[in-house]
Amino acid sequence: MAEFAVAMRTLGCKVNRVEAEKVTAQLLGSGVRVVGERDASVVIVTTCTVTAEADHKARKAVRHALNLPQAPIVVVSGCLAAIDPDGLAALGERVVVEADTDAVAARVAALLGTSVGDRLTGPRVGDAFRTRAVVKVEDGCDAFCAYCIVPYARGVPRSVPLAEVVAEVSSLVDAGVAEIVLTGINIGRYTDSGADLPGLIEAVAATGVRRLRVSSIEPGDVSERFLAVAARVPSFCAHIHVPLQAGCDRTLSAMGRTYDTAAYASVLTRIRDAFPGAAITTDVLTGFPGESDVDFDRTLTFVRACGFSRLHVFRYSPRTGTPAAVMAEKVPVAVKSERARRLRALDADLRARFAEAHVGSDAEVLVERLGDDGMAEGTTREYLRVIMQGRGLAEGDVVTAHLAGVERGRMTAAW
Ligand code: SF4
């Protein structure tokens, strides 16, 4: 067991992953080694609490770390640490709960008898960031959708200073990163130094980054200004994730979502006007209390009509403290699972249609991985996965390729 060595166990969303990577960079910068869990004196578990399944996985990860032969200290952070610190602390004497992810590195360093600088000592460059890096620009949410625990776990919206975001992106671009994904909990709430999300996109684009994405944006934040700015930024990738959650007005209203299906459909129309052929992806939540068979059929029909390129399907999971958790008319688990199965079948169909529609076209591909078989794998701006001949290519290269066909969900291409 190495004295100054930690292991990372990260669960949950992109924001959790970026935060855990920053903790890693801070610790590495202060001489703490990041090792496998069996060699660590401290295991850091970054938790999620978005569903009951996520809670279960988080507690399981903590128990697993506690039972490691070297009996490490287990530092627990992330959203479950914010929602249920006592429950986590009760899992064992060696559990240290630190809900403030910005304080985790210092807390771990103190446990190890060392200290960390308060700022990142270097860019987050490493194997995982050779081609694409995710940059957190916003935290928190005040929308309080009826099913969602996130506002309770992450608090009110707050933005990373514009100058700090631009500095981080510039250092990543200087280090050779070709693509930046801006992420947050509710990124449309971004505001700093008079800049809103479109202003941030312009500032980040000015760093010279090759490709720029926004991880997810609420329908209400897809403004004319957002689309106008994004459309005139050459690096902005025409792949936009706009959570829908349900395709039935009655369910949307019960969820406390701020739009109906007509408003959502017009958002998609405006996106396609600004970005013809854009990839639009979404989240759909099934099994919300009170969702009838008729409601679900409406959702299925609406989702099919929207022509998404990909769906993320979730089954409703009651979260204590949210309005939906005390709503009547719970949907039985078997019905929820069946509805999720039908949505995933639709997802497979939508993905296949979107890929087929690109056969015969040329696309810009970012090379992300070179295989031992000499093949290269990468993504287009529309987030289609591509496989092609890799001779003469390097990770991070951006090439124009001719999309010849579809094979096991990936585009086959020649460049
Ligand atoms: S917008 Fe709604 S679903 Fe998204 S994080 Fe906020 S409360 Fe949760």
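This is a predicted model: local features need pLDDT of at least 70, side-chain atom pairs count only at pLDDT 80 or more; totals for chains, interfaces and linings use all residues.
**Group meeting: salt bridges, a parallel sheet and selected contacts**

Asp-295 is a buried residue, with a relative accessible area of 2%. The side chain of Asp-295 takes part in a salt bridge with Arg-298, and their closest N and O atoms are 3.9 Å apart. Arg-298, by contrast, is partly exposed, at 47% relative accessible area. Both residues belong to helix 12, which spans residues 293-306, and because they are 3 residues apart there, about one helical turn separates them.

Side chains of opposite charge can pair when their charged atoms come close. How many salt bridges does the structure hold? The number is 32.

One of them joins Glu-168 to Lys-22, with an N to O distance of 3.3 Å. Glu-168 counts as buried, at 14% relative accessibility, whereas Lys-22 is partly exposed, at 22%.

Another salt bridge is made by Glu-377 and Arg-369, whose closest N and O atoms are 3.1 Å apart. Glu-377 is buried, with a relative accessible area of 11%, while Arg-369 is partly exposed, at 46%. These two residues also belong to a network of salt bridges.

Strands of a sheet pair through backbone hydrogen bonds, either parallel or antiparallel. In which order do the 5 strands of the open sheet lie? The order is 2-1-3-4-5, and the pairing is parallel. Strand 2 (33-34) and strand 5 (95-97) are the edge strands, each pairing on one side only. Within the sheet, strand 1 (residues 5-10) is paired with strand 3 (residues 42-47) through 5 bridges, in the parallel sense. Ala-7, for example, has Val-43 in strand 3 as its bridge partner. Helix 5, residues 104-111, packs on this sheet and touches strand 1, strand 3, strand 4 (73-78) and strand 5. The direction of helix 5 makes about 170° with that of strand 4.

Three further sites deserve attention. The first topic is Asp-347, which is located in helix 13 (residues 333-356). Is Asp-347 buried or exposed? Asp-347 is buried, at 9% relative accessible area. Beyond its neighbours within four places in sequence, Asp-347 contacts Arg-310 and Leu-311.

Next is Val-359, in the loop that runs between helix 13 and strand 14 (362-370). Val-359 counts as partly exposed, with 33% relative accessibility. Which residues does Val-359 touch, not counting those up to four places away in sequence? They are Leu-403, Ala-404, Gly-405, Val-406 and Met-411. Val-359 and Val-406 are 47 residues apart along the chain, and their C-alpha atoms are separated by 7.4 Å.

I finish at the surface. Ile-83, Phe-144 and Tyr-152 form a nonpolar patch there, and together they have about 250 Å² of accessible area. Ile-83 is placed in helix 3 (residues 79-83). Its relative accessible area is 33%, so Ile-83 is partly exposed.

Notes: Residues are numbered from 1 along each chain as its sequence is written. Side-chain values use heavy atoms; hydrogens and water are left out. Two strands pair if DSSP finds at least two bridges between them. Helices (H or I, at least four residues) and strands (E, at least two) are DSSP runs, numbered from the N terminus. Contact means heavy atoms within 4.5 Å. Axes are lines fitted to C-alpha atoms, for helices over the stretch in contact, and angles run from 0 to 180 degrees between N-to-C directions. Buried means under 20% relative accessible area, exposed over 50%, partly exposed in between (1.4 Å probe, protein chains only). Patches are made of residues with over 30% relative accessible area and no salt bridge: like charges are joined within 9 Å, nonpolar side chains (Val, Leu, Ile, Met, Phe, Trp, Tyr) within 5 Å. Accessible areas come from the Shrake-Rupley method with a 1.4 Å probe; for residues, only the protein chains shown count as cover. A salt bridge is a side-chain nitrogen of Lys or Arg within 4 Å of a carboxyl oxygen of Asp or Glu.
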